[in-house]
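Please keep the sequence and the structure at hand while reading.

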Amino acid sequence: MSLLARLDRLPLSRPHYLLLLIGGLGYTFDGMDAAVVAFLMPSVQEVWGLTNAQLGLVGSAAPFGFLFGATCAGLLGDRIGRRKVMMWALAIYAVFSIVAAVAPNYEIFLGARVLAGFGTGAESAIIAPFLSEFVPAARRGWFVGALAGFFSFGFVGAALLGRFVVQPIPEGWRWAQVITALPILMLLWWRRSLPESPRFLLASGRTAEAEAVVVDLERKVRAATGAELPPVPEVAVEKPAEARKIGLFSALKYLWTGRMARRTAITWLIWFVITFSYYGFFTWIPTLLVKQGITVTKSFEFSIIIYLAQVPGYFSAAWLGEFLDRKNTIALYLAGSAASAFWMSQMTDPVMITVSAAVLSFFLNGTYAAVYSYTPEVFPTWIRASGTGLASAFGRVGSIIAPSVIGVFAASLGFGGVFGMTTAVLAVGVVCTLLFGLSTAGRSLEDVAEADVEKAVAR
């Protein structure tokens, strides 16, 4: 009897939702850490007398660390397991958030922000592929999209920290970072609650361990639903997989060879487009609002409204992904983002800027929900974490350069020019997604991705 068929036929119930909550809380604090820097920037600039160039480095520090964290997490996740990487990533992020909070100078603060970003990058890259491997095909798009939706709670939390901690409290920028380090307490919960992915265990030849995880999940689902489990479809029994050692160069060679190259190219492009636009927008929006004549306090209050728009953005895209397919949902929300960015570029009134920015926030974050669902689906199990991590890492190139690029062009192009440029970047993403994206909705992970493994091995 196929272990994966037994896993995929389980109805979503309390055990799945517990995994969603655990992974989602990780994303909440990742989002909070990514967003809070926008509210720290005015304070650290004043404390240490930073130039605009130095301030741009502050905005790029965590994304720079994120790039390496995502790369390492993917490779390690396929070698030593998803669960271990998630736990170590969380510890690294929390420890260096505390270091940044007590930093005595700009240099230590900057270094700590890079290393905290390494932790969040590693965690963000591994959670989605990990949880996608537990969920049946019919609900996987909604489930992983909803998981990504927890980022929005982190951004709203960061905006609240900016308004009620950073702005009014002496040295509030330090206390805000202490608060973002609180997930270190989650480690104790994770150690007791998280099983390893059965798909990873099978791909590593650890069939007995995979069997134990599936049996335990079946027991929990039966207890949660109070009903007998659905019958197991008639499929071939899995053969224990030969363990594969994955390194950076071997992963890149596979991902950019033959049939996988197209999948990799479009996935990397989507990640770059959305991450460049997203971080360029959210890193600078409080500062740009101030330059439009809005006070710092009002800027932070408007930012809360803008960040709240993320919540329906994420969850609407998670829902639509099951009906429109992930590829079409990505294109739709990228198109909405492009239109919103153009609208925002034409506004001068603070209220209309806020409204258009909230709509842009809705569509940008909806795109992320679909991207987080789509990416793990297009890579085979044995390289899923590496493929997802490397795509996310490439996207972080966009987040590294976006704060600096927008900082430079804001001076010459102005408020409208910055978001006009963002419109053009997003439009490229729409066209390429529609032309080259892969349909994944309703298909098992093996159906979408594993067929290419045999072709690649045969070559």
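Packing is described here through contacts, and a contact means that heavy atoms lie within 4.5 Å.

The model is predicted, and its secondary structure comprises 18 helices and zero strands. Of the 459 residues of the protein, 59% count as buried, while the accessible surface comes to about 17,100 Å², with 69% of that area belonging to carbon and sulfur atoms. Among contacts with a separation of 6 or more, 85% are accounted for by residues 24 or more positions apart.

## Helix 7 and its surroundings

Helix 7 (residues 172-180) has Gly172, Trp173, Arg174, Ala176, Gln177 and Thr180 as its buried residues. These buried residues pack against helix 2, helix 4, helix 5 (106-132) and helix 6 (137-166).

With helix 4 (residues 82-101), the axis of helix 7 comes within 8 Å and crosses at roughly 170°. Because an angle over 145 degrees counts as roughly antiparallel, helix 4 is described as roughly antiparallel to helix 7. On the side of helix 4, the contact is made by Tyr93, Ser97, Ile98, Ala100 and Ala101, and on the side of helix 7 by Trp173, Arg174, Gln177, Val178 and Thr180.

## Aromatic pairs and a cluster

A search of the whole structure finds 27 aromatic pairs. One of them joins Phe39 and Tyr307, whose rings are edge-to-face, with 5.8 Å from centre to centre and 85° between the planes. This pair links distant parts of the chain, since Phe39 belongs to helix 2 (residues 14-48) and Tyr307 to helix 13 (residues 296-308), 268 residues apart. Phe39 counts as buried because its relative accessibility is 0%, and Tyr307 likewise counts as buried at 0%. Another pair is formed by Phe362 and Phe363, with ring centres 5.0 Å apart and planes at 85°, so this pair is edge-to-face; Phe362 is partly exposed, with a relative accessible area of 23%.

Phe39 and Tyr307 also belong to one aromatic cluster, which includes Tyr27, Phe151, Phe155, Trp271, Tyr278, Tyr368 and Tyr372.

Ala35 lies in helix 2 and counts as buried at 3% relative accessibility. Leaving aside residues up to four places away in sequence, Ala35 touches Phe155, Ala158 and Tyr307. The C-alpha atoms of Ala35 and Gly157 are separated by 8.8 Å, although the two residues are 122 residues apart along the chain.

Ala159 is found in helix 6 and is buried, with a relative accessible area of 0%. With residues up to four places away in sequence again set aside, Ala159 touches Phe39, Ser303, Ile304 and Tyr307. Ala159 and Ile305 are 146 residues apart along the chain, and their C-alpha atoms are separated by 8.9 Å.

## Arginine over aromatic rings

Two placements of arginine over a ring can be examined in turn. The charged end of Arg396 sits over the ring of Phe66, 3.6 Å from its centre. Arg139 lies over the face of Trp142, at 5.0 Å from the ring centre.

Note on methods
Residues are numbered from 1 along each chain as its sequence is written. This is a predicted model: local features need pLDDT of at least 70, side-chain atom pairs count only at pLDDT 80 or more; totals for chains, interfaces and linings use all residues. Side-chain values use heavy atoms; hydrogens and water are left out. Helices (H or I, at least four residues) and strands (E, at least two) are DSSP runs, numbered from the N terminus. Buried means under 20% relative accessible area, exposed over 50%, partly exposed in between (1.4 Å probe, protein chains only). Accessible areas come from the Shrake-Rupley method with a 1.4 Å probe; for residues, only the protein chains shown count as cover. Rings of Phe, Tyr and Trp (its six-membered ring) pair if their centres lie within 6.5 Å; planes under 30 degrees apart count as stacked, over 60 as edge-to-face and the rest as tilted. A charge sits over a ring if NZ of Lys or CZ of Arg is within 6 Å of the ring centre and within 35 degrees of the ring normal. Axes are lines fitted to C-alpha atoms, for helices over the stretch in contact, and angles run from 0 to 180 degrees between N-to-C directions. Angles under 35 degrees count as roughly parallel, over 145 as roughly antiparallel, 65 to 115 as roughly perpendicular and the rest as oblique.
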